[in-house]
Amino acid sequence: MTPAFLRSDRCDDAADLDVLVVGGGISGLASAWWLQREGLSVALWESEARPGGKIRTDLVGGYLTEQAAAVLMNFRPEVTQLVAETGLDAHKAPRDAAVKHRYLVDRQRLVPVPMAMGGLLGSSLWSARGRLRLLLEPFVGCGGHDAETVSEFVTRRFGRELLEKAMEPFVSGPLASDPDRASARATLPRLTALERRYGSVALGVLLHKLAGRRTACPTESFSFAGGMTTLVRALASVTGVGFRAGLRTVGLEPHTSGWRATGTGAGGERSILARQVVLSVPAPAAASLLAPLDGTIAELLKGIAYAPISVVHLGFARAAISHALDGAGFLAPRRERLPLNGNLWTSSMFGGRAPAGHALLTSYLGGARQPHALDWSDERAISTVLATLEPLLGIGGAPAMARVDRHGEALPLYYGDHLGRLAAIDARLERLPGLHLAANYRDGVSVCDRIAGGRATARRVAAVLAHRPRAAVDVPNCLVLAEA
Ligand SMILES: Cc1cc2nc3c(=O)[nH]c(=O)nc-3n(C[C@H](O)[C@H](O)[C@H](O)COP(=O)(O)OP(=O)(O)OC[C@H]3O[C@@H](n4cnc5c(N)ncnc54)[C@H](O)[C@@H]3O)c2cc1C
């Protein structure tokens, strides 16, 4: 049956809308939230039947599984504000206080590494030589160049051991990227900025800490009761945002009062006039929409590569695992040659993720390191993960639940001169006034970065509109209508 919000005629017929946001993943939802907070009238068109894009929580046999983001690592005041003002504070699921470290695989065994950066030095991971090299970081002169890769930057500042044992697995795991090809400035903007500002990353972190300012270290990690879907559903239900699911934007044309967007969905074709448009869709989708308007931007967007990821969820009776599971999970450096990039101990991190007496382990396969893993059958993906986890975690029984989720274009890769590419796109965008790009191929892929990025976008849009007269427009929220 067609959901009520698809049948409603009321949602997007209002003329003279301030902003149309295209794409209802966290980038678009966060942009829309900040835009309505600026007092602007906002509609959001999402092609799928539900909000959230990659973010999706499923209840599978009593286990709460996440298809993409599972943890919100917050080090930005924008996140704190959005969570508080949307009333989500009451629904936060904080990371279990007992989880104080994560593990890294080193010579086929798990070595604990504290979550806090300060504790990294004390880890048993480092050789005497490697530890000395870490300590010397403040004395390393500034250097680097615009196209410096993550591997070059980290080796130059901290030495090869930190790259291979800690930074490479971080870039290959959560970012699904390749440190030998990823741009240091685009991938590690906070660390490279600390070097530019203070001449040393370690010194910069210390000075920020002493001044009580935010650094690259998360101040809190959390999810929500009901999983990350709680966040995206809350943002899609905000009354100041006219959220419409099941409507794919297929055309954008300049118009005297801004832009005319055309969308298609189950209810047929629709069009809407908006003063400004924010495109919060992945780069290939943005390229298709922009190709008729500016072929150069479309080509630049098409040049952004994406990594595939398979997410393998395994549920076990807790008694079948001998490891204490007393951490966030583990990351696997490339040199360990394991077939998975990382494993999140989801039920150790947050309560309510597995039935009583059971554990949920979430593994990530693929990424830039082994993109072909996406093509593996469910059976092969599950048996490969099991064979890897058994010796590391002392697993002695078959899983009670197994499920595989796949993303062909999971995460954008900030390869080469990524910032130069974005600057070239922005320069061309000036020829298309009123069009903005806000998605995870710029300014970070994490949910934290996407929420902060949404605010920056909203401020840019509001600044432009402040110079132009506006008509007040009431754009009812279709998700709210659907649920009424
Ligand atoms: C496996 C995995 C694990 C992750 N884990 C974490 C984590 O633990 N913590 C964290 O912070 N981050 C994590 N991330 C990153 C984070 O989840 C993503 O970067 C983020 O969700 C991407 O959001 P987005 O809105 O930019 O893109 P998307 O989620 O891709 O949203 C884009 C939306 O645009 C819509 N769309 C496309 N074309 C059109 C069109 N023409 N018209 C209308 N709509 C359109 C799509 O349907 C989609 O809903 C993870 C990512 C993955 C893949």
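## Overall architecture

The protein contains 17 helices and 19 strands, as seen in a model that is predicted. Its radius of gyration is 23 Å, close to the 23 Å that the globule rule gives for 484 residues, so the protein is as compact as a globular protein of that length. Taken along the principal axes, the box filled by the C-alpha atoms is roughly 65 × 55 × 40 Å.

## Burial, contacts and surface

Of the 484 residues, 55% count as buried.

## Helix α5 and its surroundings

Helix α5 spans residues 150-158, and its buried residues are Val150, Ser151, Phe153, Val154, Arg157 and Phe158. Viewed down the axis of α5, these buried residues fall within an arc of 165°, so they line one face of the helix.

The cover over the buried residues of α5 includes α4 (128-135) and α6 (160-172), together with α7 (184-187), α8 (189-198) and α9 (201-210). Just after α5 comes Gly159, which takes a positive phi of about 100°.

Key
Residues numbered from 1 in each chain as written. Predicted model: local features only at pLDDT ≥ 70, side-chain atom pairs only at ≥ 80, totals over all residues. Heavy atoms only, no water. Buried < 20%, exposed > 50% of the residue type's maximum accessible area, 1.4 Å probe, protein only. Helix = DSSP H or I, 4+ residues; strand = E, 2+ residues; numbered from the N terminus. Arc of directions from axis to C-beta. Contact = heavy atoms within 4.5 Å. Rg over C-alpha atoms; globule rule 2.2 N^0.38 Å.
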